[in-house]
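Let's take a walk through this one together. Have the model open and turn it as we go.

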Amino acid sequence: MRPATALPAPLAAIAALMMAALAASAPAPALACSDPDDCKGLSREELARDRAEIRRLNREQLRYVERRDAEYARGWEAYDRHAYDMADYERERAEYERRMREWRDAVRRCRDGDWRYCGG
């Protein structure tokens with residue numbers, strides 16, 4: 001008898017394949033000199049290339065963060081605009097409901113015989 005937590009054979013095979021694919025698609029670690037001790041054996045040209053690569057990666061990350069933050073800002077602007085529009089709608093709806101209550105009251109009073117509320 002199989003334990004209750006085990007996956008059926010086809011699902012287990014699919015899960016194993018997915019895990020293997022994820023592991024294979026993981027990016028390789030960067031070979032930048034993040035620690036000065038890692039850079040001791042490098043030539044001046046290799047150090048210059050390493051510094052240039054780090055600068056390029058930093059600029060790329062900065063562009064990504066700026067685009068991401070701009071998108072967040074657009075989202076928050078849309079959210080604020082929607083909240084403002086909903087507040088306007090609620091105010092207008094409350095005013096409409098108030099006028100409808102007054103109109104219904106006038107109709108009721110007119111039907112009850114108070115002719116001041118009939119007609120214009």
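Before anything else, a word on terms: a salt bridge here is a side-chain nitrogen of Lys or Arg within 4 Å of a carboxyl oxygen of Asp or Glu. With that in hand, look at Asp105, Arg108, Arg109 and Asp112, which are linked in a network of such bridges. Keep in mind throughout that you are looking at a predicted model.

Now step back to the whole chain. It has 2 helices and 0 strands. Of its 120 residues, buried ones make up 4%. The accessible surface comes to about 11,000 Å², and carbon and sulfur atoms account for 59% of that.

The element to follow is helix H2, which covers residues 44-111. H2 counts 68 residues, and the distance from its first C-alpha to its last is 99 Å, close to the 100 Å expected at 1.5 Å a residue. Where does H2 have buried residues? Look at Asp50, Met100 and Ala106, which are buried in this helix.

Much of what comes next rests on one bit of helix geometry. An α-helix has 3.6 residues a turn, so residues three or four places apart point the same way. Watch how that spacing turns up in the side-chain contacts.

Back to the salt bridges, then. How many are there in total? The count comes to 12. One of them pairs Arg56 with Glu60, with 2.8 Å between the closest N and O atoms. Why can these two meet? Arg56 and Glu60 sit 4 residues apart in helix H2, so about one helical turn separates them.

Within it, the side chains of Asp105 and Arg109 meet in a salt bridge, 3.1 Å from N to O. Asp105 and Arg109 are again 4 residues apart in helix H2, so about one helical turn separates them. Asp105 is partly exposed with a relative accessible area of 26%, while Arg109 is partly exposed with 30%.

Now for the aromatic side chains. Tyr72, Trp76 and Tyr79 make a nonpolar surface patch of about 420 Å². Within that trio, how are Trp76 and Tyr79 arranged? The structure holds 1 aromatic pair. Trp76 and Tyr79 form that pair, edge-to-face, with 5.5 Å from centre to centre and 80° between the planes. The two residues are 3 apart in helix H2, so Trp76 and Tyr79 are separated by about one helical turn. Are they buried or exposed? Trp76 is exposed, and Tyr79 is exposed as well.

Finish at the end of H2. Just after the helix, Gly113 takes a positive phi of about 105°. This stretch also brings in the disulfide. A disulfide is a covalent bond between the sulfur atoms of two cysteines. The structure holds 1 of them, and it joins Cys110 to Cys118 with an S to S distance of 1.8 Å. What is its handedness? The torsion about the S-S bond of Cys110 and Cys118 is about 110°, so the disulfide is right-handed. Cys110 counts as partly exposed at 22% relative accessibility, and Cys118 is partly exposed, with a relative accessible area of 22%.

Definitions and conventions
Residues are numbered from 1 along each chain as its sequence is written. This is a predicted model: local features need pLDDT of at least 70, side-chain atom pairs count only at pLDDT 80 or more; totals for chains, interfaces and linings use all residues. Side-chain values use heavy atoms; hydrogens and water are left out. Buried means under 20% relative accessible area, exposed over 50%, partly exposed in between (1.4 Å probe, protein chains only). Accessible areas come from the Shrake-Rupley method with a 1.4 Å probe; for residues, only the protein chains shown count as cover. A disulfide is a pair of cysteine sulfur atoms within 2.5 Å. Patches are made of residues with over 30% relative accessible area and no salt bridge: like charges are joined within 9 Å, nonpolar side chains (Val, Leu, Ile, Met, Phe, Trp, Tyr) within 5 Å. Rings of Phe, Tyr and Trp (its six-membered ring) pair if their centres lie within 6.5 Å; planes under 30 degrees apart count as stacked, over 60 as edge-to-face and the rest as tilted. The expected span of a helix is 1.5 Å times one less than its number of residues.
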